[in-house]
Amino acid sequence: MEAFLSNRIRPDTDGTTRPFLLGCARRTVTNAGENAAMSTLEIHQIPTRVDNYVYLVRESSSGQAAVVDPSDAPPVFEALDTLGWTLTHVLATHHHNDHIGGVPEIKERTGCTVVGPRADRDRIPGIDIEVGDGDTYRLYEAEARVFDVPGHTRGHIAYWFPESKALFCGDTLFALGCGRVFEGTHEQMWNSISKFKPLPDETMVYCAHEYTQSNARFAVTVEPDNADLAAYAAEIDRKRAAGQRTVPSELGLERRTNPFLRADVPDFAAALGMEGSTPVEIFSEVRTRKDNF
Ligand SMILES: [Fe+2]
């Protein structure tokens with residue numbers, strides 16, 4: 001409990017990894033009209049490889065932890081040792097090696113349960129529980145809603161923990177960007193990221209890469225008169241110059257600034273000179289420009 005209360009430092013304040021608390025345990029009313037204790041996650045960000053982020057999440061009622069998209073096993077075990085957390089689950093978003101490279105070793109050493117996309121069960125080693133669009137997955141008392149978000153890969157999923165205001169979206173949505181469309185179509189990718197648009201403004205986007213500064217350099221070329229974007233880009237430059245992280249980002253800010261989330265905004269269409277085009281056409285134009293930026 002001591003660690004739960006003391007680790008309130010956001011991970012973007014310096015180059016070290018320190019956990020921080022997203023909300024606290026609280027009560028809510030269930031559909032049946034009964035009060036039920038809800039659970040939140042303590043989230044610890046681990047930078048790996050060149051620009052990957054792996055996340056350890058500890059569920060408050062059980063004290064047990066899961067790892068999201070473990071690129072590699074050693075940094076996960078180092079963090080678990082430092083934190084004193086026990087790992088019982090892996091949550092995988094998609095099959096790319098820089099997201100599941102550590103799964104076999106982690107599963108062998110811990111015997112943990114691997115949760116992953118039903119649509120890509122054959123490309124992710126050791127899946128024990130398959131989930132897909134519309135499913136609710138409970139990590140102990142913490143409830144995640146699962147979205148199918150094809151486009152980057154055909155079997156990509158995202159986990160949204162509403163009580164923790166946390167979205168683990170892998171390589172689908174980035175701060176000021178979105179994933180490259182490797183296995184799907186632009187229309188699929190637009191439909192996928194559009195599933196995040198109704199989520200609350202205060203949702204934190206725990207994406208899997210530190211791509212924000214290069215994404216910002218592109219975004220300002222698309223919408224140079226967006227004042228929110230200009231301020232966001234300046235803040236990103238300041239943080240990166242100070243060696244700080246820019247992830248997670250807040251969904252409300254992303255909605256106002258991320259060019260890939262703005263394909264259905266009239267002002268954005270006007271900025272591109274594409275008034276009258278469909279959101280899919282606009283998204284596709286922006287994705288193509290970014291691919292060639
Ligand atoms: Fe990927």
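Q: Before we look at strands, when do two of them count as a pair here?
A: Two strands pair if DSSP finds at least two bridges between them. Keep in mind that this is a predicted model.

Q: How many bridges join β8 to β9, and do they run parallel or antiparallel?
A: Three bridges join them, and the two strands run parallel. β9 covers residues 129-131.

Q: What about β7 and β8, how many bridges there?
A: Three bridges link β7, residues 86-91, to β8, and this pair runs parallel. Within it, V90 stands opposite V114 of β8.

Q: Is β8 mostly covered or mostly open?
A: Mostly covered: β8 spans residues 113-117, and four of its five residues are buried.

Q: New topic: where is H186 found?
A: H186 is in helix α5, which runs over residues 186-194.

Q: Why is H186 called partly exposed?
A: Because it has 18 other C-beta atoms within 10 Å. A residue needs 20 or more to be buried, and 12 or fewer to be exposed.

Q: What does H186 touch?
A: Not counting residues up to four places away in sequence, its contacts are V181, V280, F283, S284 and R287. Take S284: it is 98 residues from H186 along the chain, yet their C-alpha atoms are separated by 5.6 Å.

Q: Last one, helices α6 and α7. At what angle do they pack?
A: About 150°, with their axes 10 Å apart. α6 is residues 212-222 and α7 is residues 227-241.

Q: Why does that make α6 roughly antiparallel to α7?
A: The angle between them is about 150°, and angles over 145 degrees count as roughly antiparallel, so α6 gets that label relative to α7.

Q: Left-handed or right-handed crossing?
A: Left-handed, as α6 passes α7.

Q: Which residues meet there?
A: From α6, they are T212, Q213, A216, A219 and V220. On the α7 side they meet L229, A230, Y232, A233, I236, D237 and R240.

Conventions. Residues are numbered from 1 along each chain as its sequence is written. This is a predicted model: local features need pLDDT of at least 70, side-chain atom pairs count only at pLDDT 80 or more; totals for chains, interfaces and linings use all residues. Two residues are in contact if their C-beta atoms, placed from the backbone, lie within 7 Å. Axes are lines fitted to C-alpha atoms, for helices over the stretch in contact, and angles run from 0 to 180 degrees between N-to-C directions. Angles under 35 degrees count as roughly parallel, over 145 as roughly antiparallel, 65 to 115 as roughly perpendicular and the rest as oblique. A crossing is left-handed if the near helix is turned anticlockwise from the far one by less than a right angle, and right-handed if clockwise.
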